[in-house]
Amino acid sequence: MKKIPFLLSVFFLSLPVAMPAQEKGFVLKGCLPGMRDGVKVALLSSEDLSSETIVETTAKNGCFELRGKVAHPILCTLTTNNLDLLAQYTAHPDSVNTDSIRWTYTSVFLDNAEMKVEAARYSDLFTDWSVTPDFRITGGEVQNDFNEYNLSLYRAFNGNPQKDEQTETEKSWDFILSHPHSVISIYFANNMLQRGYGLTKEQVDKLEKAVVSVPADTARFTLFKNLIEYAKQTTVGAPLVNLELTSTDGKTVNLEDIVPKDKFVLIDFWASWCGMCLYAMPDIKKLQEQYHEQFVVIGVSCDRDEKAWRNMMEKKKMPWKQYLLSKQGYEDFFKKYRVGNSVPYYTMIAPDGKVMKAPSGVEEISTILKLYCK
């Protein structure tokens, strides 16, 4: 399950002061034969990049119990590990046999309800699936919906952990359309809306009509309504939303004014601190050289440190024009483009000036160029 993006996590961090917490807290417990005393059990938040620990405990007599309270239903990871247990019997930590280390990671949609881990034995806890014929977490309407969705995935892939994104997306759409009031539906919908130029106008309209209300999580529904409005401006085939930039000679320019017509244009949004951005640049350079007559690259940095931006440009010597997001451009980029987990973020623009889509990476950029360029 993919993590919810930065923009959404910032929104939710403000919720405890914006809405009252539910009076009733949660309890998640389980008794699993084979779980030894000393195994650490924890719940970690999974809707932001920090993965903060919500609550943790230690198993005793094969059982554990986690208690707390959340302001709204939230995707978490239930983890178990035996590292502390192994350390008790090992003189030197470096000498621990890695084959004896056991970690489990299980997605759970935590709500203020009584929840239970159901499995015949500890070894049934599965990392690749959050529900199997031998294991599930029950309790609360939200988690029950989560189980229904994940069980449909499990059956679609016959239990094979090698999932494909297209099938997962199809299953997400199926669930949204059949569960218009579910927290799981709004979770999927908000994830689909997380990055601009990822959906068609028809898909955005379909989402808006499909999710009509979510009484169990009004905060997510409010966010959904806001995201829908931005998404309408950044659908596949729409004009490029303008951003204010600073050129290398310090002049203020508009993104819409520097995109050439009659060519395919890739806007590479990057940053000096982004390893994935820098790693992809040599491959982008090869594509630019291969399709130089029909293809142009424009670099736009979201660095807040201008010196770091200039130093990295000098180091990498990228052969295309470079710009820096201004303060206003930076705010608009994250707000209007909904870039979620930040950069790298790419937009491919057709010769008519319309945005073709936001490619996921160099491989998809290459596929587009092979399809449209001679």
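Predicted model: local features only at pLDDT ≥ 70, side-chain atom pairs only at ≥ 80, totals over all residues.
Me: How many helices and strands does the secondary structure of the protein come to?
Reply: The C-alpha trace spans about 70 × 55 × 45 Å along its principal axes. Of the contacts with a separation of 6 or more, 67% are between residues 24 or more positions apart. The secondary structure comes to 13 helices and 15 strands.

Me: What distance separates the centres of domain 1 and domain 2?
Reply: The protein is divided into domain 1 (26-157), domain 2 (165-232) and domain 3 (241-372). Taken over C-alpha atoms, the centres of domain 1 and domain 2 are separated by 27 Å.

Me: What area is buried between domain 1 and domain 2?
Reply: In this interface, 15 residues of domain 1 are in contact with 14 residues of domain 2. On the domain 1 side, Phe109, Asp145 and Tyr149 lose the most area to domain 2, together 38% of what that side buries. Carbon and sulfur atoms give 70% of the area buried between the two domains, which is about 1,200 Å².

Me: Which residue forms a salt bridge with Arg220?
Reply: Between domain 1 and domain 2 the count is one salt bridge. A salt bridge requires a side-chain nitrogen of Lys or Arg within 4 Å of a carboxyl oxygen of Asp or Glu. In the salt bridge of Arg220, the closest N and O atoms are 2.6 Å apart, and the partner is Glu47.

Me: Which element gives the largest share of the side of domain 1 that touches domain 2?
Reply: Across the interface of domain 1 and domain 2 there are five residue pairs in polar contact. The elements giving two or more residues to the domain 1 side are β5 (74-81) and α4 (141-156). That side divides into ten nonpolar, two polar and three charged residues. Its largest share is eight residues, and they come from α4.

Me: Is Ile101 buried, partly exposed or exposed?
Reply: Ile101 is found in the loop between α3 (83-88) and β6 (103-110). The C-alpha atoms of Ile101 and Leu85, 16 residues apart along the chain, are separated by 9.6 Å. Buried means under 20% relative accessible area and exposed means over 50%. The relative accessible area of Ile101 is 31%, so Ile101 is partly exposed.

Key. Residues numbered from 1 in each chain as written. Heavy atoms only, no water. Domains from an automatic or database assignment. Contact = heavy atoms within 4.5 Å. Buried area = accessible area lost by both parts, 1.4 Å probe. Polar contact = N/O pair within 3.5 Å; in protein donor to acceptor, adjacent residues only side chain to side chain. Helix = DSSP H or I, 4+ residues; strand = E, 2+ residues; numbered from the N terminus. Nonpolar A, V, L, I, M, F, W, Y, C, P; charged D, E, K, R; others polar. Buried < 20%, exposed > 50% of the residue type's maximum accessible area, 1.4 Å probe, protein only.
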